[in-house]
Amino acid sequence: MTRKPIASIVSAGISKFGAREGLYCRELFAEAAKEAFDGCPNLDPRRDIQALFVGMMSEAYEHQAHVAPLFLDWIGLLPIPAFRTEGACASSSVALRTAIFSIASGAFDVVLVGGAEKMTHLSTTGVTEILGMASDFAFEQWHGISFPGIFGMIAVDHIHKYGTTEEQLAKVAVKNHEHGALNPKAHFQKRISIDDVLSSRPVAWPLKLYDCCPRSDGASCLILTSPSIAKKFTDTPVNIIGTGQAQDTLGLFERDDFSSMKVTKLAAEQAYKMAAIEPDDIHVAELHDCFTIAELIAYEDLGFCKPGQGGRLIDEGATYLGGKIPVNTSGGLKAKGHPVGATGTAQAYEMYMQLTNQAGKRQVAGAEIGLTENLGGSASTGVVHVYQRGD
Amino acid sequence: MFISEEIKGMKTAISTIASNDHNGFILDDEGRIVPTIENFYKYCAGHKLMGTKCVKCHTLTCPPRGICHKCLGTEYEWVELAGRGVLLTYTVIHFPPTQFQALAPYAVGIVRLDEGPNLPGMIREINLADLKIGISLEIDFESTIPEEWPKWPRYFFKPRI
């Protein structure tokens, strides 16, 4: 069954993720844009692209604000309008929604949407502090509650409520590294063992170093068109058929439940309804595994399993490549890397590759419907998109 | 009519924030202590944990805010909280932000105060092995005022004896 498309992806690009020494956001974004342009010979970027939407979290990383015109200039597309959105780690998913709305409104037919972040030139402490700015300064940061600390508290609550184990958390990291080893663009392309995770040094108990995604440099982008003209540019577009977003308190402490992300549930509800699908219809998904616990909770909030059963789902192997619902075939934030502003459209990039049968060794055979879930901060922003192959 | 009155009330609160200063507290035109984070921490300097109660729907909020998150009411009264509660969740931070490095490893958690609101903070004077969801904690206050901006005196939690 073909669902009603809201917008179509006709090409996509991603930079290599990792420690990209000496390269900055504008250059990484240009690297991603080049792949998207090269992948779409029927598109003349200067003639066809009418606007740019970019997500970036923070000026603090490379002392650079006002990146919308900067990225636009570096890909040679001045003087079309360029917009920047910020939603912490969900910045480019929010950019994608903004781009979708611009197309749905009729303002534009063809836009470029993406994101970037440069992080590895700073120390881990420096990066952790900038990421921490997405939590509540007055009541979390001021009292020494780091960003991993917030997810540590979420993990303790989940373990207490449902009996989730540190081994189950470790399996998320092991799986995503296994997938990342099949992705030439991933930050980490090596396998790790459960013991590697369990014996890595503690960061915010029960989270250890290998439960945490790395700091990475990278950029990603999509060429998005109105569905009616997508076939002018490619025979194999990927349609966005559902989109949803919700917000929650910045402070984790002000919520009723720490073991479930209300924003994911609400965003998924909107996206599922718009796409007219059930969780069972999804063939492949990219979920927000900033910390291993976040992926298990996402399984539950998205309806891949019942509340509290996330640990069991990974035990069953359901979310591995070859399983019932492969999750984070790209390697996820954990192994592919998490240049925060790039992550949202990098998840969409993976859907584009999977649903056009271009994912190589990590291809999910016959994948037709995919989902992405992206969190900002401690789940103060949640964005879900549903995709369908459009050929 | 109703909404415009609320907006007028908000404008009054906002316009006076920078103007009056009484014993360090920021006051509105009628001399009332406005429900801001700055004033919350001013109370902490006097070793008091204070929240605000919405006059309209009686929701108790701690930390305080100018617009009630339940009913959008803007009339409030300050209420002192006992500072006792139970631990809802916690973690031990081994890799802290720079300014807390001397304290690592240290515990932080979220406490459900007896009066209802949740408050996060550091948990001190505890053996890390004794951390457990559900233990009883009480608030205490640092006696020194931090030198760095925004100079808010820190509260923390410790086991209730």
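Mentor: Helix 7 and helix 11 of chain A are roughly perpendicular to each other. Please keep in mind throughout that this model is predicted.

Trainee: At what angle do the axes of helix 7 and helix 11 of chain A cross?

Mentor: The crossing angle between helix 7 of chain A (residues 166-180) and helix 11 of chain A (residues 292-301) is roughly 95°, and their axes come within 8 Å. Angles from 65 to 115 degrees count as roughly perpendicular, which is why the pair is described in that way.

Trainee: Which residues meet there?

Mentor: Helix 7 of chain A contributes A:Gln168, A:Leu169, A:Val172 and A:Ala173, and these meet A:Thr292, A:Ile293, A:Glu295 and A:Leu296 of helix 11 of chain A. By class, the residues of this contact are five nonpolar, two polar and one charged.

Trainee: Now for chain A as a whole. How many helices and strands are in chain A?

Mentor: Chain A has 14 helices and eleven strands. Its C-alpha trace spans about 55 × 45 × 40 Å along the principal axes.

Trainee: How does the radius of gyration of chain A stand against that of a compact globule?

Mentor: The two agree, because a compact globule with 391 residues would have a radius of gyration near 21 Å, and chain A has 19 Å. Of the 391 residues of chain A, 63% count as buried. Among contacts in chain A between residues at least 6 apart in sequence, 77% join residues at least 24 apart.

Trainee: What does A:Phe233 touch?

Mentor: Leaving aside residues up to four places away in sequence, A:Phe233 touches A:Val10, A:Cys40, A:Asn42, A:Leu43 and A:Thr225. As for A:Ser193, it is 40 residues from A:Phe233 in sequence, and their C-alpha atoms are 43 Å apart in space.

Trainee: Which domains does the assignment give for chain B?

Mentor: The domain assignment of chain B gives domain 1 (2-81) and domain 2 (84-159). Their contact takes ten residues from domain 1 of chain B and eleven residues from domain 2 of chain B. On the side of domain 1 of chain B that touches domain 2, helix 2 of chain B provides the largest share, three residues. That side has seven nonpolar, three polar and no charged residues.

Trainee: Finally, how many residues of chain B are in contact with chain A?

Mentor: In chain B, 26 residues are in contact with 28 residues of chain A. Strand 4 (84-93), strand 5 (106-113) and strand 6 (118-123) of chain B are the elements that give two or more residues to the side of chain B touching chain A. By class, that side of chain B has 18 nonpolar, seven polar and one charged residues.

How values were computed
Residues numbered from 1 in each chain as written. Chains lettered and ligands numbered in written order. Predicted model: local features only at pLDDT ≥ 70, side-chain atom pairs only at ≥ 80, totals over all residues. Axes fitted to C-alpha atoms, helices over the stretch in contact; angles between N-to-C directions. Helix = DSSP H or I, 4+ residues; strand = E, 2+ residues; numbered from the N terminus. Parallel < 35°, antiparallel > 145°, perpendicular 65-115°, else oblique. Contact = placed C-beta atoms within 7 Å. Nonpolar A, V, L, I, M, F, W, Y, C, P; charged D, E, K, R; others polar. Rg over C-alpha atoms; globule rule 2.2 N^0.38 Å. Buried ≥ 20, exposed ≤ 12 C-beta atoms within 10 Å, placed from the backbone. Domains from an automatic or database assignment.
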